[in-house]
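Reader: Got the fold open. Can we walk through it, starting with where to be careful?

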Amino acid sequence: MASKSFRKLLILGALLVIPFAASAQDLAPALQPTDSAQKRTAWFRDAKFGMFIHWGPYSLASVEASWPIMKPEAKWNISEAEYMELYKRFNPTQYDPQAWVNLAREAGMRYMVFTAKHHDGFCMFDTSLTSYKITRTPYGKDVTAMLARAAHDANMPLGFYYSPPDMHHPGFRDTSRPVKDTYKGDPTRREWSTYLDYMDAQLRELLTEYGPVALIWFDGLDHTEKYKGEDVVSLVHQIQPATLVNNRLGVPGDFATPEQFIPDRIPTKKSYANLHGTAPVAEGTVPTVPAPDEFQPWETCMTINGTWAYNKNDTDYKPARELIRDLVDVASKGGNFLLDVGPTPEGTIQPEFVERLEAIGKWLKVNGDSIYGTTYGPLQNLPYGKTTAKDRVIYIHVLQPPADGVLNVPGLPQRVAQVTLLADRSKLRWRQNPEKLEIILPATIPDPIDTVVQIITR
């Protein structure tokens, strides 16, 4: 089991000195405490691509995390009592956190978010506040401390998913009744304050014993005002000022979190500050391309198949082509793409996920300049693709090449200096007039998934 002294060293040696050594090629910039939200979120907005990890005893049963006891369905084929006992068999002897970090880097991911506690209340870290935790399993080791060590050694920003709902704590709900009848919690019970104290104490553990925390990914479900989100965010920033917080705690947070979908347009602070859920955003009057100070930082989380946790029965895997194009779509609207993996009960990541992640990484090694450090593109409704932008450079992601091989780029106010293919830097023929820019594509495009054209403006 990872010792408390190790976790103290992570704080003293990493948090107080240099949280992350920045690398222009491989890593997001260093996390540094600052009062400026713009500066504090800069690394996150530049990173674009991260790994979400849902892992726990539920992987043994190939069921989703927590929901089989919150909203039981026949498809899960597990009772509440059986679910709650799974941890007694959880023994991921093949768990190799370094392999996870290496895979994330190979995939081109710039940060990781690990599920420290899901709604079921089981803690994947060695909390001192409950025995319902990873160090009371046959495995007996603090997997979160192990991952923190591997991530920090590799300069990989690491954040934690932490669920405010907790099905195991008697302060959150009446544990003498079935979870399905009480899973929303009851803040009118006199025990409620004991749960808020518990949550406060656990967050203190995560923020003081596991090194620099890139972000806390809360998932408060509904009626989140009961968690006193302003106080929670204040606590987070009191301990680690650089830590980002998402928008699922009843307060706006640093970034919005659509789930399993990509917004139909660029989110703004006015219209999408509380953006999350599972339904696409309806058409509205939001400007197609907002001013920078109106933009709402956001991150969509998505699965590779249909479930967050490992499920041997779910073989409906999205192809790499689709996932790459999802990443491009997200980046074209200024967002981040948090792609989920559900490790196996043994602690490995299944080959179908590895294959897709490596394919995305291969594409990013060629085209990463058009994703990392970019913001939403100036043109949002091109019939043949998407755009991203960085300084004086505009990237056109050609997803459906025009039949005549000519890209018509309307409404571009900047004067063009050069147009090249990003893949090999070969120059393309082009002509510009006040109405449009015309770019002549090569007879054979280099990448049928997404050929990136780089426009350098004056």
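Reader: Which residues have pLDDT under 50?
Author: Residues 8-35 stay under 50; pLDDT is the predictor's confidence in each residue, from 0 to 100. The model has 56 contacts beyond four places in sequence for that stretch, contact meaning heavy atoms within 4.5 Å. Where pLDDT is low, the predicted coordinates should not be read in detail.

Reader: And the protein's mean pLDDT?
Author: The mean is 91, with 89% of residues at 70 or more. This is a predicted model: local features need pLDDT of at least 70, side-chain atom pairs count only at 80 or more, and totals for chains, interfaces and linings use all residues. Residues are numbered from 1 along each chain as its sequence is written, and side-chain values use heavy atoms, leaving out hydrogens and water.

Reader: Next, α13. Which residues are buried?
Author: F353, R356, L357, I360, G361, W363, L364 and N367; buried is under 20% relative accessible area, exposed over 50%, partly exposed in between (1.4 Å probe, protein chains only). They cover an arc of only 165° around the axis, so they sit on the same side of α13. The arc is taken from the directions from the helix axis to the C-beta atoms.

Reader: What's exposed on the face turned away?
Author: P351, E355, K362 and K365.

Reader: What covers the buried residues of α13?
Author: Among others, α6 (97-106), α12 (320-332) and β12 (393-398). Helices (H or I, at least four residues) and strands (E, at least two) are DSSP runs, numbered from the N terminus.

Reader: Switching to the open sheet. What's the strand order?
Author: β13-β16-β15, antiparallel. Strands pair if DSSP finds at least two bridges between them; β13 and β16 have five.
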